[in-house]
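Have a look at the sequence and the structure first, and then we can walk through them together.

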Amino acid sequence: MTVTASKYAKVLWELAMPEEALKTAGELLAGNPALYAVLNDPAVHKEQKHKAADRIFPPEAVNFIKFLCDEGDLSYFSEICEAYEQLKNEKNKTVTAKLLYVTPPGKAQEEGMKDFLRNYFQAKNVVLEQIRDKSLLGGFILSARNREWDWSLRGRIARMSKDLSRR
């Protein structure tokens, strides 16, 4: 994540940008490549970009979109949204984690993983995204905030192979 995106996210947080307006603006940009191209094109006049923004984006997000266009920073938008989400999670003491698995965990296993993450990150809440990945061969990979715990069979085989190659 770039410093620029982080700075914009902090400003949005301080201005209490409604999360829904930011999400809607992001969906509009991602779903309309032609719109993004026009708003990001330095050859298109500022006034034209502003008129388009006024007509298309949620009122709460319009001035921010216009500012990004004026500064030539619209390309940071998705990264800004990620940084905003991360900042929101930090402020709310929430950890967003990803669980890759072959066999879905039972309720007790899932709660155990959430308890582990709450303790590890001293968080109040855990949001656990679960994704089936048969390439793991067995076990699971749990990741959150740039940390990864690989208990997959694929990972164990790779570590064992690496250890054997060192001998």
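A salt bridge here is a side-chain nitrogen of Lys or Arg within 4 Å of a carboxyl oxygen of Asp or Glu. By that rule, the side chains of glutamate 19 and lysine 88 form one, with an N to O distance of 2.9 Å. Please keep in mind that this is a predicted model.

**Overall build**
- The protein chain contains eight helices and four strands, and along the sequence they follow the pattern α-α-α-α-α-α-β-α-β-β-β-α.
- The radius of gyration is 21 Å, well over the 15 Å that the globule rule gives for 167 residues, so the protein chain is more spread out than a compact globule.
- The C-alpha trace spans about 65 × 35 × 25 Å along its principal axes.
- Of the 167 residues, 37% are buried.
- The protein chain exposes about 10700 Å², and carbon and sulfur atoms supply 52% of that area.
- Among contacts with a separation of 6 or more, 67% come from residues 24 or more positions apart.

**Salt bridges**
- The whole structure holds eight salt bridges.
- Glutamate 19 is partly exposed at 36% relative accessibility, whereas lysine 88 is buried at 16%.
- Arginine 118 meets aspartate 115 in a salt bridge of 2.7 Å, N to O; both lie in helix α7 (residues 107-121), three residues apart, or about one turn of the helix.
- Elsewhere, salt bridges with shared partners join Glu19, Glu85 and Lys88 into one network.
- Arginine 118 also meets glutamate 111, at 3.8 Å from N to O.
- Arginine 118 is partly exposed at 22% relative accessibility, aspartate 115 is partly exposed at 38%, and glutamate 111 is partly exposed at 38%.

- β3 (140-144) and strand β4 (residues 147-150) pair in the antiparallel sense over four bridges.
- Alanine 144 stands opposite arginine 147 in β4.
- Two residues lie between the strands of this hairpin, and arginine 145 in the turn has a positive phi of about 45°.

**A nonpolar surface patch**
- Leu137, Leu153 and Ile157 make a nonpolar surface patch of about 270 Å².
- Leucine 137 is found in the loop between β2 (125-132) and β3 (140-144).
- With a relative accessible area of 54%, leucine 137 counts as exposed because the cut-off is over 50%.

Key: Residues numbered from 1 in each chain as written. Predicted model: local features only at pLDDT ≥ 70, side-chain atom pairs only at ≥ 80, totals over all residues. Heavy atoms only, no water. Patch = residues over 30% accessible without salt bridge, like charges linked within 9 Å, V, L, I, M, F, W, Y side chains within 5 Å. Areas by Shrake-Rupley, 256 points an atom, 1.4 Å probe, with all protein chains shown as cover. Buried < 20%, exposed > 50% of the residue type's maximum accessible area, 1.4 Å probe, protein only. Pairing = 2+ DSSP bridges. Rg over C-alpha atoms; globule rule 2.2 N^0.38 Å. Contact = heavy atoms within 4.5 Å.
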